[in-house]
Amino acid sequence: MGRKVNILTVVGARPQFIKASVLSRSFAGMAGIEESIVHTGQHFDRNMSDLFFEELGIPDPDVNLGISGGSHAEMTARMLVALERVMRERSPDMVLVYGDTNSTLAASLAAAKLHMPLCHAEAGFRTHCRTNPEEVNRICTDHLASLNFAPTPQSIDNLIAEGLGEVSSFTGDLMYDAFQHARSNAGYKKVTLAKFDGAEIVVPTRYVYLTCHREENDSDATLCEVVTAANRFDVPVIYPVHPRVRDKVSRLVEELSANNVLLVRPVGYFESVSLTAGADLVVTDSGGLQREAFYAQVKCVTLLPFPSADETLRDDRNTLVSQVTAEKILEAARVEQTVNPSYRPFGQGDAAEKMVERIVEFFERGE
């Protein structure tokens with residue numbers, strides 16, 4: 001490129017930190033691209049935020065807005081106001097967003113209102129469920145973007161079907177790039193995890209890896225079913241508990257005498273990859289963890305009526321539980337997967353390289 005390009009990256013939640021770590025490394029090696037990072041603060045807990053920046057080698061955010069809590073509308077509105085101010089002050093050549101959080105939507109709206117080019121990494125995923133708040137966020141963002149990067153063939157097909165083919169391309173999944181990088185890190189395996197009281201537990205030889213915290217599943221009734229199922233597995237269940245459901249889950253484990261459930265503090269990315277790769281089974285409502293289980297060829301049970309990506313459902317590698325009950329979770333866990341190593345819908349591990357190429361092309365065309 002003939003000039004320096006300034007990219008403003010907006011992140012706010014743990015999955016976005018993971019994706020940003022891959023693309024930020026690629027930007028750092030480009031003489032023509034200068035990146036600044038804004039952290040909205042959507043994930044504010046140290047184990048959900050600062051630890052990931054340190055572990056993944058992401059540059060410290062240039063701005064931390066410290067915005068979290070409140071309803072979807074309240075959070076998005078506060079982020080929109082703050083991000084507009086930052087964008088006016090910094091006048092970036094492009095705004096880059098990841099995924100489908102409130103941070104993503106707020107940044108997309110702010111960029112669109114200021115007529116700034118918007119790039120959406122991880123575009124085109126669709127659950128076809130408009131009651132899912134992330135679905136609304138990702139659709140709006142895709143339709144505002146100047147560049148959409150699709151992680152799977154199905155996601156690019158979705159974008160083309162919505163008339164966005166000209167601004168969209170298939171690149172592969174940054175999450176897969178990150179996962180491959182983590183697995184190649186000699187120190188990624190962890191043998192101990194921290195409990196809430198500071199004590200440590202040794203990771204068992206065999207275990208189920210459980211995460212559950214989404215809005216759809218945070219009621220006492222649903223969490224009770226999840227804990228009941230977890231207590232009935234024939235191997236221990238490791239459950240890193242998200243801060244937003246920690247009190248509920250801790251109380252339910254005690255009330256149900258669920259001694260098979262090992263509650264631990266939120267884990268870092270390398271710890272999570274290690275836990276995923278070594279598990280007998282993954283049970284989750286996390287979109288990212290569904291895909292990581294797929295990459296690791298570990299059977300996944302998803303506590304939602306829709307997958308993170310349709311591709312994970314192939315050959316029963318991911319089984320959905322649309323109505324979360326203990327019996328249905330255990331029934332889904334008994335469904336055996338078939339792994340075809342040649343099926344690689346998330347790309348070849350070079351998504352970041354392809355994204356940088358598309359961004360360079362965008363500015364060389366003078367768009």
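## Overall fold

Of the 367 residues in the protein chain, 57% count as buried. Please keep in mind as you read that this is a predicted model. The chain is built from 13 helices and 15 strands.

What about its overall dimensions? Along the principal axes, the C-alpha trace spans about 65 × 40 × 40 Å. A compact globule of 367 residues would have a radius of gyration near 21 Å, and the 20 Å of this chain agrees with that. The contacts tell us about sequence range too: among those between residues at least 6 apart in sequence, 68% join residues at least 24 apart.

## Helices α4 and α5

Two packed helices are described by the angle between their axes and the distance between the axes. Here, helix α4 covers residues 102-113 and helix α5 covers residues 133-144; they pack at an angle of about 30°, with their axes 9 Å apart. Angles under 35 degrees count as roughly parallel, and α4 and α5 are therefore roughly parallel to each other. The crossing in which α4 passes α5 is left-handed.

Which residues make the contact between α4 and α5? On the α4 side they are Asn102, Thr104, Leu105, Ser108, Leu109 and Ala112, while α5 supplies Asn137, Cys140, Thr141 and Leu144.

## Ser103, a buried residue of α4

Ser103 also belongs to helix α4. Is Ser103 buried or exposed? Buried means under 20% relative accessible area, so Ser103, at 1% relative accessibility, counts as buried.

If you select Ser103 in the viewer, here is what to look for around it. Not counting residues up to four places away in sequence, Ser103 touches Val10, Gly12, Gln16, Thr40, Gln42, Met79 and Leu83.

## Leu330 in helix α12

A second residue worth a visit is Leu330, which lies in helix α12, residues 326-333. Leu330 has a relative accessible area of 8% and is therefore buried under the 20% cut-off.

Which residues does Leu330 contact, leaving aside its neighbours within four places in sequence? They are Ala229, Arg232 and Phe233.

Methods
Residues numbered from 1 in each chain as written. Predicted model: local features only at pLDDT ≥ 70, side-chain atom pairs only at ≥ 80, totals over all residues. Heavy atoms only, no water. Axes fitted to C-alpha atoms, helices over the stretch in contact; angles between N-to-C directions. Helix = DSSP H or I, 4+ residues; strand = E, 2+ residues; numbered from the N terminus. Parallel < 35°, antiparallel > 145°, perpendicular 65-115°, else oblique. Left-handed = near helix turned anticlockwise from the far one by under 90°. Contact = heavy atoms within 4.5 Å. Buried < 20%, exposed > 50% of the residue type's maximum accessible area, 1.4 Å probe, protein only. Rg over C-alpha atoms; globule rule 2.2 N^0.38 Å.
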